[in-house]
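Please look over this predicted model.

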Amino acid sequence: MAAKKTHHSHRRRKAMAAELSPDIVLFHILARLPAKSVVRFKCVSKGWHSFLTTPMFTNMHLHHQNRHKLLFIPKTSSSCTFRTIDCESPKDGLTAPRSLPFKVDSPRNVSIITSFNGLVCVGIIEQDNVEEEYYSDLVLWNPLTCEYRILSKTNAHKECYETTTRASVLYYTSSEDDYKLLRVTNSCDAYIYSLKSDLWRKIESTENFHRWISNHCALLNGKLYFLKYDEAINKSHLVISLDLKTEKFTEVTTPFFRDSTAICMGFTVLRGCIHVWMLHHSDLWRRIELWRMDGDGDSWMKVVTCTNAACGCTWCVQPLHLMADGNWLMRYGECLCITDPNDPLNSTRVVTDMGTGIRRRGKCIETLVSPNQYMK
């Protein structure tokens with residue numbers, strides 16, 4: 001009887017070993033692990049290191065990563081460091097400070113510009129002068145792996161390095177397998193940097209739609225969506241899209257700008273759809289709405305409304321992330337808070353007081369994508 005049990009136990013172990021074959025471990029288990037864990041597994045063997053650093057695995061792993069982090073560069077720190085906080089579990093607090101891998105004279109001299117697929121674009125000012133109009137360098141950086149690349153200035157106009165622009169967007173084009181940075185300057189010219197070629201070029205647009213682009217934007221299905229900003233009335237009133245293949249701009253009809261008090265607070269992509277945060281306010285009340293775009297903008301639906309009686313400056317209230325449980329991670333003044341939009345009282349819980357560092361933030365996911373992947 002004992003021999004029979006031992007035989008069945010041996011068969012079960014063999015079956016489990018077969019299920020956990022190298023292909024299953026490498027292609028199905030490791031590809032779903034957090035990027036931080038995969039980095040540690042590179043030390044298992046030369047074979048694992050070789051496989052886990054291939055573009056194929058990087059792209060396969062990227063497909064499963066959707067957990068966002070808020071990235072902060074503390075302005076008041078004596079050293080040049082950065083910290084992150086998990087958008088789904090902000091109560092866990094900030095991570096320990098880590099040093100920036102590139103040379104920066106002071107934390108005040110570096111700005112987070114935009115991010116995509118785990119790559120963060122930052123601008124660096126050479127002198128200790130926060131009023132400087134141009135960055136000395138633009139850097140693509142992976143905060144997890146600490147890899148970075150200083151962008152070439154080949155073909156770049158001085159405007160490409162402006163510290164304030166109408167729009168700055170990092171994105172990926174699958175047809176070209178290339179990461180690109182779009183910068184729309186204050187003089188309404190649009191330039192694109194290609195990581196693959198390490199070159200800049202200017203977009204020639206006959207419609208000149210980029211003259212009205214504002215800095216709120218989102219990427220979905222090969223199109224970049226922006227707000228169309230009308231300087232004559234000092235507000236946004238339309239959404240425009242840029243087809244990344246044709247580099248043509250088109251207008252998208254929107255219903256939420258009919259209210260003269262409406263202010264767009266930003267775009268987000270959720271469950272494969274573009275969403276827009278809208279703020280309506282007066283001296284006595286504040287209402288934030290989340291609208292979803294269906295299709296190519298043929299129809300819009302108001303998803304949820306959050307009314308908050310708190311008043312004050314509109315710039316200090318901002319949705320940062322729509323959490324998986326339906327709550328909103330928000331900025332209230334210099335505090336990071338969680339708001340339940342479905343609560344009749346819209347209860348808000350303070351997570352942490354970030355101080356002025358909350359203004360120097362970005363949002364990214366942790367991936368294995370390398371800014372040096374195209375270097376020979």
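UniProt positions are given here in the numbering used for this model, and such annotations may be inferred rather than shown by experiment. With that in mind, an unreviewed UniProt entry lists "domain: F-box" for residues 22-57. In the predicted model, the chain over residues 22-57 is 69% helix and 0% strand. The C-alpha atoms at its ends lie 14 Å apart.

**Helix α5**

Helix α5 spans residues 55-62. Which of its residues are buried? They are Phe57, Thr58, His61 and Leu62. These four sit on the same side of α5, because they cover an arc of only 135° around the axis. In general, an α-helix has 3.6 residues a turn, so residues three or four places apart point the same way.

What do the buried residues of α5 pack against? The table gives the partners.

| Partner of α5 | Residues |
|---|---|
| α2 | 22-29 |
| α3 | 35-41 |
| α4 | 46-52 |
| β9 | 178-184 |
| β24 | 361-365 |

**The sheet with β9**

Strand β9, one of those partners, belongs to an open sheet of 4 strands. Their order is β8-β9-β10-β11, and the pairing is antiparallel. At the edges are β8 (167-173) and β11 (199-202), each pairing on one side only. Neighbouring strands are turned by 20° against each other on average, direction ignored.

How many bridges join β9 and β10? The two strands pair over 5 bridges, in the antiparallel sense. Strand β10 covers residues 190-194. There, Ala190 is the bridge partner of Val184.

Notes:
Residues are numbered from 1 along each chain as its sequence is written. This is a predicted model: local features need pLDDT of at least 70, side-chain atom pairs count only at pLDDT 80 or more; totals for chains, interfaces and linings use all residues. Side-chain values use heavy atoms; hydrogens and water are left out. Buried means under 20% relative accessible area, exposed over 50%, partly exposed in between (1.4 Å probe, protein chains only). The arc is that of the directions from the helix axis to the C-beta atoms. Contact means heavy atoms within 4.5 Å. Two strands pair if DSSP finds at least two bridges between them. Axes are lines fitted to C-alpha atoms, for helices over the stretch in contact, and angles run from 0 to 180 degrees between N-to-C directions.
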